Amino acid sequence: MAFVRHAGVTYLDPDLVHDSLVLFTGADSVTRLIDLNGDVIHQWPYAGVPARLLDPALNNGRVGDIGVQISESGDARGGIYANGTVGRLNWDGELEWEWGTQAPGSVARQNHDWELLPNGNWLILVTVPRAVPALGEHVIGDQGLYEVTPAGDIVWQWLAGDHLDEFGFSDAGWEVLRATVARDPDDPWGYLEMNSAKTLGPNRWHDTQARSVFNPDNIVISFRKANIIAIIDKASGAIAWKLGPYYDDAPGSQHQRINAHKVPRPVDQTSGQHNPHMIAAGLPGEGNILVFDNQGGAGYPPAPIGIYAGSRILEIDPVTKEIVWQYTAEDSGLPSWTFFSSFVSNAQRLPNGNTLITEGMQGRLFQVTSDGEVVWEYHSPYQGHGVAGEPEVKQTRVPGIDRLTLTALVYRAQAVPFEWTPGGVARSALRKVDLRP
């Protein structure tokens, strides 16, 4: 029996919203492009981890091309091992490029993120089965990055297991990490669960201060299970900048921390965060790092999580390491627990200063102003069976999870300019909607 709390657009203020298309993969493994009225403009029968419509400026002027997962690997462990090939489709769903069979082991094992680079190469987040000496002799799922040419050649790589001593784990943290790996070496989601990778791109810090840490080619990454956000120096592979895994929190409970509104203030404990990225040049907040701080259980050792569950969006000045803007449910006049996704999810800054938020665990997409006012809200009606809320594993079950569940989960959403589509999809008149209780 399907459980649908809401379906489609439940709120829309045409006067305050930033009008765009929105792309996401539903829990039914279909990727759809919708307008803000909730109407489906186009769809592809493929999932994406994540799906992303390509910027024509990086794609030889081509519009309507999309990156998705093309095939699964069929690996019995499932999870981050399950993605066989990834690639690019055109607007009509025709395959333009595919990569995976050229990878080590003849399978991509792409997961969580990828990016089309300005030089035409692809930056792909992958899992690499191997023994990591610092964690024992058993083969585990190490994670890292490949840079892949259009011809399919790997021209640069980086593996997390080679840099564990740079992450700042305490003695207690190392003890918990090693014990966790020993207890479950076949963990299908990875011992650090690296869940995003994005090049910095042109930014004001590099332009004005010539700071090598903010070189546009450097890559900001996230380790969900370790509560670490870091920047990789692309040239050396070293960690050049880092937040976490531990923080000196201000006095007070987790609830007070989540809902503290005074900014700027030092960054405090993130937990289970997703999709940190530098806000692109030309957008409000450019050069700052925007991150979905899930406040889900994570950390070596686990970070303290209070009884008042609530996620938050943080905008962080990377030079001062201060929070300069944040969003919690209380910014919309609601209790903190009404906005919460313990895993998945993302946020994206929009040209008018609004922020598109994916509350992924709930399948809820919404847009807020800088003051926290919700000006668009959409609940995905597309459900599918998942394992503990993760996308469906079609050929096998993940070890340790005993049953499939029905979910409306959305991993990430992307605001897409109209001009990125063939002919520029015509804007529909936005209809004011208020179906909230």
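Which side chains meet in a salt bridge with an N to O distance of 2.8 Å, one of them that of aspartate 142? In this predicted model, the partner of aspartate 142 is arginine 130. The pair links distant parts of the chain, with aspartate 142 in strand E11 and arginine 130 in strand E10, 12 residues apart. Both aspartate 142 and arginine 130 are buried.

**Salt bridges**
- The structure contains 21 salt bridges.
- Lysine 225 and aspartate 187 form a salt bridge through their side chains at 2.5 Å, N to O.
- Lysine 225 and aspartate 187 are both buried.
- A network of salt bridges links Arg62, Asp65, Arg88 and Glu96.

**Nonpolar cores**
- The largest nonpolar core has 29 residues, of which Leu145, Trp158, Tyr191, Leu192, Ile221 and Phe223 touch the most other members.
- Elements giving two or more residues to this core include strand E10 (122–131), strand E11 (139–148) and helix H1 (171–183).
- A second, separate core comprises 18 residues, among them Val22, Tyr382, Val410 and Val433.
- Leaving aside residues up to four places away in sequence, the contacts of phenylalanine 223 include Trp158, Phe167, Leu192 and Ile228.

**Largest pocket**
- The volume of the largest pocket is about 1,300 Å³.
- Its lining has 50 residues, and Asp55, Lys198, Ala280, Gln348 and Trp420 are the closest to the pocket centre.
- Strands E9 (110–116), E18 (274–278) and E22 (346–349) are among the elements that give two or more residues to the lining.
- By residue class, the lining divides into 27 nonpolar, 10 polar and 13 charged residues.

Notes: Residues are numbered from 1 along each chain as its sequence is written. This is a predicted model: local features need pLDDT of at least 70, side-chain atom pairs count only at pLDDT 80 or more; totals for chains, interfaces and linings use all residues. Side-chain values use heavy atoms; hydrogens and water are left out. A nonpolar core is a set of buried Ala, Val, Leu, Ile, Met, Phe, Trp, Tyr and Cys residues joined through side-chain atoms within 4.5 Å. Buried means under 20% relative accessible area, exposed over 50%, partly exposed in between (1.4 Å probe, protein chains only). Helices (H or I, at least four residues) and strands (E, at least two) are DSSP runs, numbered from the N terminus. Contact means heavy atoms within 4.5 Å. On a 1 Å grid over the protein atoms alone, a cavity is a set of points where a 1.4 Å probe fits but cannot get out, and a pocket is an open set with protein on both sides within 12 Å along at least five of seven lines; lining residues have an atom within 4 Å of a point. Grid points are joined across faces, edges and corners, and a volume is the space filled by probe spheres set on the points. Ala, Val, Leu, Ile, Met, Phe, Trp, Tyr, Cys and Pro count as nonpolar, Asp, Glu, Lys and Arg as charged, and the others, Gly among them, as polar. A salt bridge is a side-chain nitrogen of Lys or Arg within 4 Å of a carboxyl oxygen of Asp or Glu.
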